[in-house]
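Visitor: Please take a close look at a single part of this model, the place where the two chains meet. What does each chain bring to the contact?

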Amino acid sequence: MEQNIIETDILIIGGGTAGCLAAVEVRERFPNLRVTIMEKAHIDRSGCLAGGMNAINAYLNPGETPESFVKYVRFDSCGLIREDLVLSMSELFEYCVKKVEKWGLPILCDEKGNYIPRGRWNIKINGESLKPIIAKAAKNAGTKVLNWVVASNYLVVDGRVAGAVGFSVRNGNMFVVKAKATIIATGGAAGVYKPNNAHDAQHKTWYCPYNTGAGYAMGIRAGAEMTSFEMRYIGLRVKDTIAPTGTIALGVGAPQINSKGEKFMATKYAHIGGDGAPTPYRSHGPLQEIKEGRGPVYLDTRHITSQQARDLKSAFLDMYPSMVLYWAANEIDPSKEPVEVQTTEPYIVGGHTQSGYWVDVNRKTTLDGLYAAGDVAGGAPYKFVSGCWAEGVIAAKQAGEYAQKNDFAEIQASLVHEEQDRAFAPLLSFTNKKDGIKAYDMEVRLQKIMEEYAGGAATYYEVNEERLLVARRRLATLPDQFKHIIAEDLHELMKAHEVIDRVYVAQTLVEHMLYRKETRWPGYCTRTDYTERNDEKWLNFVNSRRDPDTGDIEMLTRPYVQIVPGDRYKPR
Amino acid sequence: MPVIIHADKCNGCHGSNNPPCIRMCPGDLLMKDSKTGKILMRDPAECWDCLPCVKVCPQEAIEFRLSYQLGFHTARLIPHIHDTRDFITWELIDTKGGIDKFTIRTKILPIELDEKVEGVAAVDFSI
């Protein structure tokens, strides 16, 4: 086994939206610090932005302030967010957007040179090449990039994260990266639940299917405190393609209608904003229509002109090209018929919802030397692209200061050997035994348990105590089965770790859903045994910490702190 | 079968060990056939339909197809990158052969045909 030992001042795990901005920021603020990105794919097109983006969805358009943004995000997340985190990221939207524009991102402007809004917090971009643009900036800043190195675990020395270990999917080398400070930016987790489409379209998901919760799992295994996993993200998306609906709903103003043509959001949810209700209700509303026999549900686009339909297609080509081919392949003209929608498989993310590491305002996790940014960081929903950039910038500043003050930790060889054995076990198992479980087999098993007992789409995402306890019991067997996983090649070895990581995420998720005995976010996590929101008991964060020695998951709550005054259930 | 590789058009980027399409796939799904030197799709079911491989291929040898369960034959969507690299024209062909074109501003960065991989090639895990 070839071992590459690398020393770097700052290690960034995950070269995506947050990671690239973090790399640039470290190099600009601390030119003396060496920065290394560990990336499982190639940073030019890895992660959520691979296909592109057509809008920046968290931006302070003229007249808006960080405080007005906090009010809106608080409303959208049903009254519970980390206001300190949301404030600090929104203060950096302008800085980040201007920076990326300078690197070459085309942003649509009017004749006076002002950005063109698409909704209250959105501006339009031509972001087909957004990912290569920010990757180039990271490389130009002098970052060392380890492409195709899959991070498998942190190097933890006396409670401090002192780097990480990974393996290359290209040559099977092991990489031991010793770092003074580490930034985790691996994104969230898809594929925990049964996907919307099956067979050769199983990865036709909205969230990047290659974001498989590695950062969550590494933190869970190391005993980091995690927050709000129970706020799963279940988005309203275009039927079959699972394409984002914001492009349509915000782009051309399309209300939801049921099969009877009734604008049910506008009537039944008028008291919380109708079609502008908090995001979970925009999934909950149509689910109730379908459940009660008034499906399918659509976004009504029949009022748009053929030119608007063309503009809609152009916007999708910048971000989600398969949407346009789908319409052509099914003879659908969105200006003549409404666009059918559905809800997604549940995703665990910190950028739309707020599942992830419990961090302080500096994005420091509960593990010494470890900072978190982007989808992997919790407590701050509504981040989207620009919020992930902002968190990368904040984490970079703090990680840089930590690295200035602290030296490398002494790493025992036994620690590395232990992880090497764990990481490569599936390859050895294949060589020695041939017979065993393929990653795909365990993935399907995991997804079946989660789908049926932990609130999958088939049960309208509803959960109760009894079902969740079944899920807990079934999941508890999976870690004992890891030793049977076999991998024939390095791609399969990566897949093996992707499913192992998702099992850790799923176990933590089930504990979170069991613990919150209320329904704060209908649609995201509806408890049929506690159907109401309960601010008296549950206006707080549900957090967890897995004991690295025993594997027991301890649950705790952290208080909500209101910083921005006002009614928490009003958008302004 | 979300991405198909037209073997008649693929030239393996002139013996590149690590051609652009392989580098740009976020799912590690494209690989080189050691016998022919051309590109193969590892598993269509793992494809996200994100299209960086399609856009980056200098030969336009990689074509995006919707899984049949999601759309009918023979609708096609083909991106053409302008030589100036600041526009992309998408050619959309519907099931009856009707053609539509969309030209959109972008900023395509130049890309090398090959790139070194970190580490040493110590273990041969090729299949």
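Guide: The model is predicted. Chain A contributes 68 residues to the contact and chain B contributes 58 residues. Together the two chains bury about 5,400 Å², with 59% of that area on carbon and sulfur atoms. On chain A, 13% of the area buried against chain B comes from A:Asp200, A:Tyr210 and A:Leu325, more than from any other three residues.

Polar interactions also cross the interface. There are 26 residue pairs in polar contact, counting pairs with both residues at pLDDT 80 or more, and 7 salt bridges. In one salt bridge, A:Arg170 meets B:Asp28 through their side chains, at 2.9 Å from N to O.

Several elements of chain A supply at least two residues each to the side that touches chain B: α5 (130–140), β5 (144–146), α10 (306–317), α11 (322–329) and α16 (490–515). Of the elements on this side, α11(A) gives the most, with 6 residues. By residue class, this side of chain A holds 31 nonpolar, 21 polar and 16 charged residues.

One of these elements, α16(A), also lies across β9, β18 and β19 of chain A, at about 55° to β19(A). Those strands belong to an open sheet of 4 strands in chain A, ordered β14-β9-β18-β19 and paired antiparallel. Its edge strands are β14 (356–357) and β19 (553–559) of chain A, each pairing on one side only. Within the sheet, β9 (residues 226–227) and β18 (residues 540–546) of chain A are joined by 2 bridges, and A:Met226 stands opposite A:Ser544 in β18(A).

Key
Residues numbered from 1 in each chain as written. Chains lettered and ligands numbered in written order. Predicted model: local features only at pLDDT ≥ 70, side-chain atom pairs only at ≥ 80, totals over all residues. Heavy atoms only, no water. Contact = heavy atoms within 4.5 Å. Buried area = accessible area lost by both parts, 1.4 Å probe. Salt bridge = Lys/Arg side-chain N within 4 Å of Asp/Glu carboxyl O. Polar contact = N/O pair within 3.5 Å; in protein donor to acceptor, adjacent residues only side chain to side chain. Nonpolar A, V, L, I, M, F, W, Y, C, P; charged D, E, K, R; others polar. Pairing = 2+ DSSP bridges. Axes fitted to C-alpha atoms, helices over the stretch in contact; angles between N-to-C directions.
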